[in-house]
Amino acid sequence: MFISFEGIDGCGKSTQAGLLAEALRSAGHDVVLTREPGGSQGAEEIRRLLVEGHGERWSAETECLLFTAARRDHLERTIRPALARGGTVVTDRFADSTRVYQGAARGDLRDMVDRLHALMIATEPDRTFVIDLDAATALARGHARGGVEDRFESLGLGFQERLARGFRALALEYPDRVRLIDGNGAPEDVAARVKAAL
Ligand code: TMP
């Protein structure tokens, strides 16, 4: 299976991706835990261009091309080979992040996002878990974490609220694939919700 975790910055999805990967490994699965932007050598190099620096460093269009380039490399070198040998891929973010961050929140570019996706990626996860958390709580967690990868967090609470609405809308748009998971509470409680949904 190909499983993705999505959500706003600080929602806890990276922790949840790790916990699910661990649980599936203990159950005997061959699991590749990966992330976007990144997940292959070239894509990790593109990641630095995307997540560091000033919030307005790129236009939304340029950003979209860079995320798509990174995703294509990730798909070719990490995701497809793992699925081809029968493995399970758990990724921290995939194309839904572009749909929401670039397509909805930073200008009305959803049509361009969809066309680029159809042309270059044309792959969806089997299941996507959106870890749903109130934007103020998530932003506080993100700031507590610190670090240099704060380009999107630096765009503020209003931006994170628009993103949260965008991710909830995705669950309605793709009801067969996307599950909304309540992100409140201890990591093990959230993990139990993910496992039940899976
Ligand atoms: P991360 O903090 O989850 O590792 O993700 C890095 C940042 O990149 C995060 O703020 C979300 C953003 N992002 C997009 O804007 N579009 C995308 O397609 C992806 C994968 C991430």
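1. Basis. The model is predicted, so local features need pLDDT of at least 70 and side-chain atom pairs count only at pLDDT 80 or more, while totals for chains, interfaces and linings use all residues. Residues are numbered from 1 along each chain as its sequence is written, and side-chain values use heavy atoms, without hydrogens and water.

2. Sheet. An open sheet is built from 5 strands in the order S2-S3-S1-S4-S5, with parallel pairing. Strands (E, at least two residues) and helices (H or I, at least four) are DSSP runs numbered from the N terminus; two strands pair if DSSP finds at least two bridges between them. Strands S2 (31-35) and S5 (178-182) are the edges, each pairing on one side only.

3. S2 and S3 (residues 88-92) are joined in the parallel sense over 5 bridges. In this pair, Val32 stands opposite Val89 in S3.

4. Helices. Helix H3 (residues 60-84) lies across S1 (2-6), S2 and S3, at about 160 degrees to S2. Angles run from 0 to 180 degrees between N-to-C directions, with axes fitted to C-alpha atoms, for helices over the stretch in contact (heavy atoms within 4.5 Å).

5. Ligand. The ligand is surrounded by 14 residues, and Asp9, Arg47, Arg93, Thr98 and Gln102 are the closest (a heavy atom within 4 Å). For an N or O atom in the side chain of Thr98, the distance to a ligand oxygen is 2.5 Å.

Technical notes:
A polar contact is a pair of N or O atoms within 3.5 Å; within protein, one must be able to donate a hydrogen and the other to accept it, and residues adjacent in sequence count only if both atoms are side-chain atoms.
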